[in-house]
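Q: Could you walk me through this one? I have not looked at it before.

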Amino acid sequence: MATHLRPKEGSGLRWIVKRKRQDLSLLDFGLVNLKKGEALRDGTKDEEMVFHLFGGSCSASGEGFDFKKVGDRDDVFGGKASALYIPPHTRYVIEAVTDLHAAICTAPAGAGGAPRVIRPKDVGVRKVGKGNWYREVHDVGVENLEAKSLIFGETFNPPGNWSSAPPHKHDVDNPPEEGKLEELYYYRLRPVQGFGLQRVYTADGYDQVFVVGDGDVVTLPRGFHPVVAAPGYDLYYFWVLAAFKERKLRARDDPKHKWIKNGS
C-alpha cells in the first residue's frame, strides 16, 4: 500500500522511488539538485520522462531538440512551473543555467509525443472547491501534453485547507467513471517547519494517516487520498500519475463524502 518517504538532502540525481521496489508498478521518481554549469547526460530507453523544475533554470538538448533557459521561478511558491517532456529512446543533456532543484519522473512507454518544453504560459490553473477545501490546482502536463502515460501538476493548499476533497481514487479501470492510475505526491511547506496530514484509505479496511513535512514523498498505488495543511502553513504538492491503459484523469469520489460538492 502507500509508503511515506523522507528523502535526505543530496546533490545530483537521487532516485527516491523505483517501481516494484516500493509499491508502484509504473512510476520512478527522483530528485535532482544541480549547481550552475552541472549537467545530466542520459537516455530514456523504453520509458518516457518528465523533468519538472521546482526552482532554478536549465537548458536541454538532444536529437531533434534544443531548449534554452527553461524555468524562471526561485521555488515552488514563486509562480507557475516549467517542465520538459522527453519521449522514449531519446538521448538528452540537461544543463543547469542556475542552481536548480527538480524532479525526474519516468514510466514505461512504447511510444510518446515529441520532445516538449512546458513554460508557465502553458500551465492551466483551476480554482477547486470552496471554504476550507478550496485549493489552486496547476495542470502542468495534462491535456496540453502528448504523452503515453505520465500526467503531472501541482496543488497549492492555503493554511488549514484540504485538497483531494471530497476524497477520490483512481485505481480501477472502469471508464468513463474511473481510470486505473497510480500516483505519488512530493510536498513542500511554507514556512518549512510546517506539516500536513495525508490520509490513505480503501473500502476494504486499509486506513493510514501520515504526518508529512517539507520534502516528503507519499506513494499512492490505490485508495482515497485526502490531504490537509496545518494552520499557518502553505502546503504544496507535486503530483504525478502513470496510466495503466488510458492516459486520462478519471477519478471516483468517495460516495460517503461527495455530497460536499453540492453542500447538502
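A: Start with the largest pocket, which holds about 590 Å³ of space. Keep in mind that this is a predicted model.

Q: Which residues are closest to the centre of the largest pocket?
A: They are Arg126, Arg135, His168, Leu249 and Ala251, out of 28 residues that line the pocket.

Q: And which strands supply at least two residues of the lining?
A: Those are β11 (124–128), β12 (135–141), β16 and β21.

Q: Changing topic. Which members of the largest nonpolar core touch the most other members?
A: Phe29, Phe152 and Phe238 do, in a core of 32 residues. Two or more residues each come from β2 (12–17), β3 (28–34), β5 (47–62), β7 (82–86), β9 (100–108), β13 (150–157), β16 (181–190) and β21 (234–243).

Q: Which element gives the most to this core?
A: That is β21, with four residues. There is also a second, separate core, made of 23 residues, and Ile151, Phe210, Ala230 and Tyr233 are among them.

Q: Back to Phe29. What does phenylalanine 29 touch?
A: Leaving out residues up to four places away in sequence, Phe29 touches Trp15, Ile16, Val17, Ala103, Ile104, Cys105, Leu184, Tyr186, Val217 and Phe238.

Q: Which residues do ring pairs link into a cluster?
A: Phe29, Phe54, Phe152, Tyr186 and Phe238. In the whole structure, the search finds 13 aromatic pairs.

Q: Where do charged side chains lie over a ring face?
A: Lysine 18 lies over the face of tryptophan 15, 4.3 Å from the ring centre.

Q: Now the backbone. Which peptide bond at proline 166 is cis?
A: The one from alanine 165 to proline 166, where omega is near -5°. Proline 166 sits in the loop between β14 (162–163) and β15 (168–169). The bond from proline 175 to proline 176 is cis as well, with omega near 5°, and proline 176 belongs to the loop between β15 and β16.

Q: Why bring those up?
A: Because most peptide bonds are trans, and most residues other than glycine have a negative phi.

Q: Then what about phi of lysine 69?
A: Phi is near 40° there, a positive value in a residue other than glycine. Lysine 69 is in strand β6 (residues 65–73). Histidine 89 is not a glycine either, and has a positive phi of about 60°.

Q: Where is histidine 89 found?
A: In the loop between β7 and β8 (91–96).

Q: Is histidine 89 buried or exposed?
A: Exposed: its relative accessible area is 59%, and the cut-off for exposed is over 50%.

Q: What about valine 70, buried or exposed?
A: Valine 70 counts as buried because its relative accessibility is 0%, and buried means under 20%. Valine 70 is found in strand β6.

Q: What is valine 70 in contact with?
A: Apart from neighbours within four places in sequence, valine 70 is in contact with Leu53, Gly56, Ser57, Cys58, Ser82, Ala83, Leu84, Val117 and Arg119.

Q: And how far apart are the C-alpha atoms of valine 70 and serine 59?
A: They are separated by 5.9 Å, while the two residues are eleven apart along the chain.

Terms used: Residues are numbered from 1 along each chain as its sequence is written. This is a predicted model: local features need pLDDT of at least 70, side-chain atom pairs count only at pLDDT 80 or more; totals for chains, interfaces and linings use all residues. Side-chain values use heavy atoms; hydrogens and water are left out. Rings of Phe, Tyr and Trp (its six-membered ring) pair if their centres lie within 6.5 Å; planes under 30 degrees apart count as stacked, over 60 as edge-to-face and the rest as tilted. A charge sits over a ring if NZ of Lys or CZ of Arg is within 6 Å of the ring centre and within 35 degrees of the ring normal. A nonpolar core is a set of buried Ala, Val, Leu, Ile, Met, Phe, Trp, Tyr and Cys residues joined through side-chain atoms within 4.5 Å. Buried means under 20% relative accessible area, exposed over 50%, partly exposed in between (1.4 Å probe, protein chains only). Contact means heavy atoms within 4.5 Å. On a 1 Å grid over the protein atoms alone, a cavity is a set of points where a 1.4 Å probe fits but cannot get out, and a pocket is an open set with protein on both sides within 12 Å along at least five of seven lines; lining residues have an atom within 4 Å of a point. Grid points are joined across faces, edges and corners, and a volume is the space filled by probe spheres set on the points.
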